[in-house]
Amino acid sequence: MLRTSLARAPSLPTSSGIFHLCLTCLLGQVGLLQGHPQCLDYGPPFQPLLHLEFCSDYESFGCCDQQKDHRLAARYRVIMDYLDLKGHELCGGYIKDILCQECSPYAAHLYDAENPQTPLRNLPGLCSDYCSAFHSNCHSAISLLTNDRRLRETREKDSAHFCHLLNLPDKDYCFPNVLRNDHLNRNLGVVAEDGRGCLQLCLTEVANGLRNPVSMVHAGDGTRRFFVAEQVGVVWVYLPDGSRLEQPFLDLKNIVLTTPWVGDERGFLGLAFHPRFRRNRRFYIYYSCLGKKKVEKIRISEMKVSRADPNKADPKSERVILEIEEPASNHNGGQLLFGVDGYLYIFTGDGGQAGDPFGKFGNAQNKSSLLGKVLRIDVNGAGSDGRRYRVPRDNPFVAEPGAHPAVYAYGVRNMWRCAVDRGDPVTRRGRGRMFCGDVGQNRFEEVDLIVKGGNYGWRAKEGFECYDRKLCHNASLDDILPIYAYGHAVGKSVTGGYVYRGCESPNLNGLYIFGDFMSGRLMALQEDRKTKKWKKRDICLGSTESCAFPGLISTYSKFIISFAEDEAGELYFLATSYPSAYLPHGSIYKFVDPSRRAPPGKCKYKAVPVKTRSKRVRFRPLAKTVLDLLKEQSEKAARKLSNATSASRPVGTSSLKGPSRKPASPTSSRKTFRGPGTKKRARVWSPGSQGKRKMRRKSHSGRVRQSRAGRSLRRPFLSGWLAGGRARGESPRPMGAPAAELGL
């Protein structure tokens, strides 16, 4: 229901009414009041799950579900009961129009509700001609629509004052103009794009203060917990309420091999929970360590969660499954994941250095070596020859002489971050596909789909091109090519991501979202089902207009280390502003599509309770929200104008005391309803992008958006590293390269 009073806008401490007018213009210029689709609950619009019977113009896309539609219809009936037959004929259409603006995709702007901390308007903003006609025909109905004294006092007067109170300065966004504006509504509801076709997404900050967060996984046990691994060897538990447990889930700092060097690739690199974790309490870890005679190794181990505390690993339960010697400190791989077949997949690097110089063909092409491979093993039992795992019988090279039976695919350089596609939530299409980002040498980065028995070409090929020309000319013609590759003008170290299969952002379904560690770029791949080709889409963050929602941010730490999904399939990425394993500059961000969301209630999940013994550490965001930044801009503009006004005031004059407050006016809006008294007509709204909005200006004086205070996110400048050469022309892996390779 609408509020029962027209709220008065808080005023700034100013020196004159002129100051207020100028400040209003400045606030519009800094973009504070630009319009974008938003509902009265401060979220994006949605496509209702069920048919709307009353506000049917918004049944394809808007801000009402069936329950709210029924509430508005009930209120309409109550109001109409007070009107006679003539009132029904004259006013029924107007009253329905006005009530249904709560369902408009631009309801927040019609009702001045972009920010939860600003007052809500009593009635929506109306275009002057429509408003005048409503007042002329139905002024007696005003008292039925609102209890606001000032609005009700205009009932018996001319329409000018009433319509002034409901005026929207920008005529594109007032009702019903916004309904008729094809430019605004043509693409309403799909992911917005800028002029270059860059997808406009936003973020929320989920965690911060982490030391190179390399992995974030869930246990699949219904608890909705996050397990976040730091490169130093510490794993933390994050609870559904956003808090972190004070005591770590696992602490292997004394065993894990890593250093404070910027870009050191060794450390705790992988974590995966068994598909039947809820029953067997088993999980698997991948980390660098020193063996006998200080030989560097990769170790894959099984561990169990403590019976006494479900948020603690049992430190005595470690059972080493596999160890692989590492000839160099870089290219350590690090991904562990379970496929839909229940087997554990292990992704190893080629052993390091540049160009895979080990042996005649390199480790990656040598099927007897476990380096540069995708391995597949069965961890549910012991095998022959003393192995602590079994080899699946259908592994592709089980019967090939000299080949290691655990090899599933080969020709891999250094795959950094892989993921299994959950499949379309409805059709299950794509389920089980395995995507990987493989870091290139000195020319190309690539994204691959893992195929049983596939040869991914390294070191003969890099991306789609030859690297070792002699090997390349002798290579098999059936090598698996990337689904996408990009040059180093775009980025120099790919970080593999996920196919979005979550609930909250329906537009993103099917997009493979990934990034680049060095350039900090976020990208997406979209599949053409007919051609089976993948098209790259850039992702842009930072649109003030698109991200002006409570809690959303548009900045992030540059170095993208990893991606993650939660139990519901929502997508995140992990990044740091300074890539050293010992410095707490890492953060976790969640993707949000500001153009469209799922209907309210659809994506709510009840977490399985989990007992916690450790103290909870409440999350304190560091990144400033877009609303914070807009508030700072407006305050800065106010200070500048105040100083300018003071400086230009003649000597001996005094400022006006107590500037009058004008009634709160609505901010701009865009989509609305049909004219009054017309017959109900079918109108289909196809979700689409917002397109460019005209800048709106606030008509009342002194309105300042309130937002939660946030602390600025510090981003140290790594000029020496970013400008430094890379020894041997080698591209660093997503976590960076050893200091020697980075020219440090």
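Buried means a relative accessible area under 20%, exposed means over 50%, and partly exposed covers what lies in between (1.4 Å probe, protein chains only). By this scale Asp-394 is partly exposed, at 39% relative accessibility. The model is a predicted one, in which local features need pLDDT of at least 70 and side-chain atom pairs count only at pLDDT 80 or more, while totals for chains, interfaces and linings use all residues. Residues are numbered from 1 along each chain as its sequence is written, and side-chain values use heavy atoms, with hydrogens and water left out.

Helices (H or I, at least four residues) and strands (E, at least two) are here DSSP runs, numbered from the N terminus. Whereas Asp-394 is partly exposed, Arg-376 has a relative accessible area of 3% and is buried.

Across the whole structure, the search finds 31 salt bridges. One of them joins Asp-241 to Arg-616, whose closest N and O atoms are 3.0 Å apart. Asp-241 belongs to the loop between β5 (234-238) and β6 (244-245) and Arg-616 to strand β29 (residues 616-617), so this contact ties together parts that are 375 residues apart in sequence. Asp-241 is exposed, at 54% relative accessibility, and Arg-616 is partly exposed, at 42%. Another salt bridge is formed by Asp-251 and Lys-253, where the closest N and O atoms are 2.7 Å apart. Here Asp-251 is partly exposed, with a relative accessible area of 41%, and Lys-253 is partly exposed at 39%. Salt bridges also link Asp-421, Arg-429, Arg-433, Arg-501 and Glu-527 in a network.

Attention now turns to the cysteines. The search of the whole structure gives 11 disulfides, a disulfide being a pair of cysteine sulfur atoms within 2.5 Å. In the disulfide of Cys-64 and Cys-103, the sulfur atoms are 2.0 Å apart. This link is left-handed, with -85 degrees about the S-S bond. Cys-64 lies in the loop between α1 (17-29) and α2 (66-80), and Cys-103 in the loop between α3 (85-99) and α4 (107-110), so the bond ties together parts that are 39 residues apart in sequence. Cys-64 and Cys-103 are both buried.

Cys-131 is found in helix α5 (residues 128-138) and Cys-163 in helix α8 (residues 159-165), and the pair links distant parts of the chain, 32 residues apart. Cys-131 and Cys-163 are likewise buried.

Cys-503 and Cys-603 form a disulfide as well, with their sulfur atoms 1.9 Å apart. At -80 degrees about the S-S bond, this link is left-handed. Cys-503 lies in the loop between β22 (494-499) and β23 (512-516), and Cys-603 in the loop between β28 and β29, so parts that are 100 residues apart in sequence are tied together. Both of these cysteines, Cys-503 and Cys-603, are buried. Cys-289 also counts as buried, at 1% relative accessibility.

Strands of a sheet pair through backbone hydrogen bonds, either parallel or antiparallel. In this model, 4 strands form an open sheet with antiparallel pairing, in the order β2-β28-β27-β26; two strands count as paired if DSSP finds at least two bridges between them. The edges are taken by β2 (202-210) and β26 (559-565), each with a single partner strand, so one side of each has no neighbour in the sheet. From one strand to the next, the twist averages 25 degrees, with axes being lines fitted to C-alpha atoms, for helices over the stretch in contact, and angles running from 0 to 180 degrees between N-to-C directions. Strands β27 (residues 571-576) and β28 (residues 586-592) pair in the antiparallel sense over 5 bridges. Leu-574 has Ile-588 as its bridge partner in β28.

Technical notes:
Salt bridge = Lys/Arg side-chain N within 4 Å of Asp/Glu carboxyl O.
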